[in-house]
Amino acid sequence: MRVQQLVLIFIVVLAIQVFSDSSIDDVQVRQDLLNVKHQTSFVNDKVTKEIDLSALVPTQRIEIKTTYKKKGEPSSYFVTFQKEMSDKIAFIKASTIDGSTLKIVKDNKQSINGYSVYSINFPKEESTKKFHFIVELDLINSQMPSPKTVTQKEDLFLVYTDNVFFYTPYPTKTQKTEISFPSNFVKSHTKLTPTELKGNKLVCGPYKKINGFSHADLKVHFQNNQPLPRIKSLTKTLTVSHFGNLFVDEYYVISNEQAKLVGEFSRLDYSRNRQLSGRGSFQDVALHLHEKAYGFEYFDIIGNISTSQYTKTNDQTVINLKTRFPIFGEWKTDFHFTYNIPLKHALSKSKKTGLYRLTFPFGSSINAPIEDFEMKIILPEGTSKINAETPFGVDSQSFQVYNEFLDTTGRPVLVLEKNLLVPRHNQNVEIFYDLSFKKREYLFSSISQRSEFQE
Amino acid sequence: MSWYPLGRVVGGTVFPGIMLTAGTLYFFLKKIVRITVHIKHVCVFMGPFFASNASLITYLFTKEVSKDYGAGLISAVMIAIVPGYISRSVAGSFDNECIAIFALILTYYLWLKAVNTGSMFYAASCALAYLYMVSSWGGYVFIMNLIPLHAFVLIIVGRYSKRLYVAYTTLYILGTLLSMQVPFVGFQAVQSSEHLAGMGIFGLIQLVAAVKYVHSILGEKYFKLFLKILGFIAVSILVLFVVIGFATGYIAPWTGRFLSLLDPTYAKKYIPIIASVSEHQPTAWSSYFFDLQSLVFLYPVGLYYCFKNPSDSKIFLILYAVTSTYFTGVMVRLMLVLAPICVILGSMALSNLFKLFAYKIREFDEENKNKKKSQNKNTKKQNKKKKKTEQNKIFNLGYISATLMIAVLTAMFISYIFHSIWVTSEAYSSPSIVLAAKGYDGNRIIFDDFREAYYWLRQNTAPDAKIMSWWDYGYQITAMANRTVLVDNNTWNNTHIGTVGKAMVKTENISAQVMEQHDVDYVLVLFGGLIGYSSDDINKYLWLVRIGGTVDPSIKEEDYLNSRKEFRVDSQGAPTFLNSMMYKLCFYRFWEVKTEGNKPSGYDRVRNTVMGNQNYELEAVEEAFTSEHWIVRIYKVLKKENRK
């Protein structure tokens, strides 16, 4: 028994030695990263890392069972990510096994040299030293097409790279990694024993007794013939008119992250069999809007795009758009989509403070990741005390002045910017503002619902 | 950029009027009135806006000529909806003509005003209006010839007056100087033959004025001798000038478009590029009725009234009507110039006829009233009853015919309105860039292929990609696809267009060479065979051959026709055609498509026949994009090393 265990540990250590890119710099960084106190304070009993590559946005679900090894209240639990990973994290969330949210904060002080450190604080009332919780990640830019170019009739493959192990500062007793693929066809995958491919699932592990900061390259090459729509940029402009209307203009630049189409694009083949000759391409885009949205317009710089339809359900309006042409890998297109919402469904006034509160979803109405997002809120002339509350941090927040129709001093515009968004960011933001001098809102602003003019 | 690799001096090759007007309107709305508009919307509504201005001016014009408010009002109504003009003034037709017709009528109105009053103010205003016209449309040449013609005819028929002298000299000098300020015109205004008539009449009118003056000083006896000597000198000087002018090349010969006006067959013989435009074809008789409807019958009536009671301005109307009728016979596009004069004459006719018959009815009514009065007086005198009934019968006949005529005229007028509305909605309102058809179930099917393909070019080709296509689509590609084209609708260089024609009609090898020389990245062709869109490149093919023939004499039209002199796309077509680049691009892999149920695959729905040359491979190019209904096909030109 003991010999077997020893051999196993030896193998694991050897594997780590082989697979990890442990340069001196790295070690230095690791030491800088966390002091020994933190390293030893927790021991992970069981870690299960589930990577889901079947959806549009790759996600990771890391289930952690851990024990606090010191006396007294546990300090923060640190979750760390390597350089390669930290750039790919678009969204992070932590919750206990029974579903209650845990606060997870990026520790900017300790996040150095590209490494990122997040700290989780457990609720104080828990006297137990054992914790069981889940960290969820939404990834962006994590899978790359390989080969990078394909012809119209070829299958499409993606490569996903990661660390087999959960990159944690604490020693781990046992860990398992599961990867699910969109199809059964996996060209190649990492073979760190024990690894087994069952259908569209790759199971690595369980591995026993892993040191802190362990790394073993994970590389999977798998077939994914699904399109990967990506919103290159989205500018969402809200025009608030206190005559009762909210005008929304969404300007999308949308592309496909699949392998670039080279050679012939044959319309004949495409129209004959879209499954075979339109692999990885898309033409249909669905927008999910507020249930009371009305007055839709779908156009680009050369005029209206005549292919769209909408359905209304009880809680939302679904718009099905067709882009002008099918979007193959690395093709792109852009368009505007505009609509109105009666202001009463988005605006409320607090009796206590006398402030208005505008509630509107952040992010896109399309289910796709976004690279650059900008949200502009044009408020009525004379608005003051503008303040935005977002459920997550934004990259920048600034003010502009917008002039239209008979404006004199101009309307204040609140600009919120954030890069790398995933659909999970589509949460409401709240904008508070004061508008005491109603007189200043001119008659003409009611017409401003059609402010599609951009110069 | 356009006209790669030559480039084009925009200022020297376009009329700036429409851009200036749109820019001014935009500036006025945006900066002065502070209304939020986009320049795009200003452009879209330029047509209707200037049509409404034209309507006002037509009212003034007709009133000035006929001294009749009624005729003026009718003309304003009629020009507002005349199909011949509405084709150029619907929303979105941002074209030179949309402001030019307004400028044309304005110039003529001010000219007549100047002739009728002898006022230098009106003549100077006329010169300004003329400047506006010159800056907006090449059709200004029509003014510069019609006004001298009018002056000439007035002199000939002995209607010379000091009013005419003042009006003409002021207009000619100011107008010519002003028109020279437009870069596109420049010194053409005094050098080119098209403008010579104006100068000649200017000289003549000086002569006539001088003669009149001398006549008033000399007696009859010496005057005749003087006239003989003067005449001899004048003619010899004129001949000398013309000979020297042409010999030194100082006076440019007539341009092709102008010559083809005088000689309808000229263009077909010598300048295929002018003849290839469908708007430059002679007008079919049906299109007169289509564009003018009842005005076709009314305007000769108006002419009759002009002849019956001539005046300086009515003579002008006659000249305008006669010349423009001739010109429309030559070129269908000039229907635009005919429409206003038809409206003016037609409304004069309508107004006069209405008045004529309305007076008849009124006369009868008054007589009737008088009779009733006398009847009341003489009720007791019943012995005269018989005579009265007889009289009533005769009057009733006149009454009925007058009422009938009014009814007919009203019906004519109403039918004109209905016709105009119908034509506008059916023929002139649909954007030609989006095609629509009705499906079997009555649903509207939209073919948005052009914009689909242009937008694809805009989004998914390199920003500096050079696109070769036939010149018809040049402007569209420049604006919608935002890409560089070799040739476009500003057909200022015929050899470059000819080169493109050559690249399209020659074999793939030669075509590849031409494309390589011109740095072409993509070729764009139009093909309507799949859905039956008839104005595609195959139907324009022979024009490509003719125009291409002007740069390469080895391209001969006969080679593209089969032994029976037919142009066919099926297996009986000429082999030169079936192996040409354009054929290969249009029909590539079309032989695999089944277009109609009971027909073999590769059945062309425009030419109604099965394509001839099948199963070929393309070597120099590869298909880059084809729109949903195959109307636009774009091919990527392969670099030499990448070819198969």
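**Reading a surface patch and a chain interface**

Mentor: In this predicted model, V242(B) lies in helix α13 of chain B, which covers residues 220-248.

Trainee: Is V242(B) buried, exposed or partly exposed?

Mentor: Buried is the word for under 20% relative accessible area and exposed for over 50%; V242(B), with a relative accessible area of 34%, is therefore partly exposed.

Trainee: Which residues form a nonpolar patch on the surface?

Mentor: A patch joins residues with over 30% relative accessible area, and here L225(B), I229(B), F232(B), I233(B), I237(B), L238(B), F241(B), V242(B) and F246(B) form one that is nonpolar, with about 920 Å² of accessible area together.

Trainee: Turning to the interface, how many residues does the contact take from chain B and from chain A, and what area do the two chains bury between them?

Mentor: Chain B contributes 31 residues and chain A 29 residues, while about 2800 Å² is buried between the chains, 48% of it on carbon and sulfur atoms. Of the area that chain B buries against chain A, T36(B), R451(B) and Y455(B) supply 23%, more than any other three residues.

Trainee: How many salt bridges and how many residue pairs in polar contact are found across the interface?

Mentor: The rule finds four salt bridges between chain B and chain A, including the one that D448(B) forms with R324(A), where the closest N and O atoms are 3.6 Å apart. It also finds 14 residue pairs in polar contact across this interface.

Trainee: Which element gives the most to the side of chain B that touches chain A?

Mentor: Helix α22(B) does, with seven residues; α2 (17-32), α3 (39-44), α22 (449-460) and β8 (621-626) of chain B each supply at least two residues of that side.

Technical notes. Residues numbered from 1 in each chain as written. Chains lettered and ligands numbered in written order. Predicted model: local features only at pLDDT ≥ 70, side-chain atom pairs only at ≥ 80, totals over all residues. Heavy atoms only, no water. Patch = residues over 30% accessible without salt bridge, like charges linked within 9 Å, V, L, I, M, F, W, Y side chains within 5 Å. Areas by Shrake-Rupley, 256 points an atom, 1.4 Å probe, with all protein chains shown as cover. Salt bridge = Lys/Arg side-chain N within 4 Å of Asp/Glu carboxyl O. Helix = DSSP H or I, 4+ residues; strand = E, 2+ residues; numbered from the N terminus. Buried < 20%, exposed > 50% of the residue type's maximum accessible area, 1.4 Å probe, protein only. Contact = heavy atoms within 4.5 Å. Buried area = accessible area lost by both parts, 1.4 Å probe. Polar contact = N/O pair within 3.5 Å; in protein donor to acceptor, adjacent residues only side chain to side chain.
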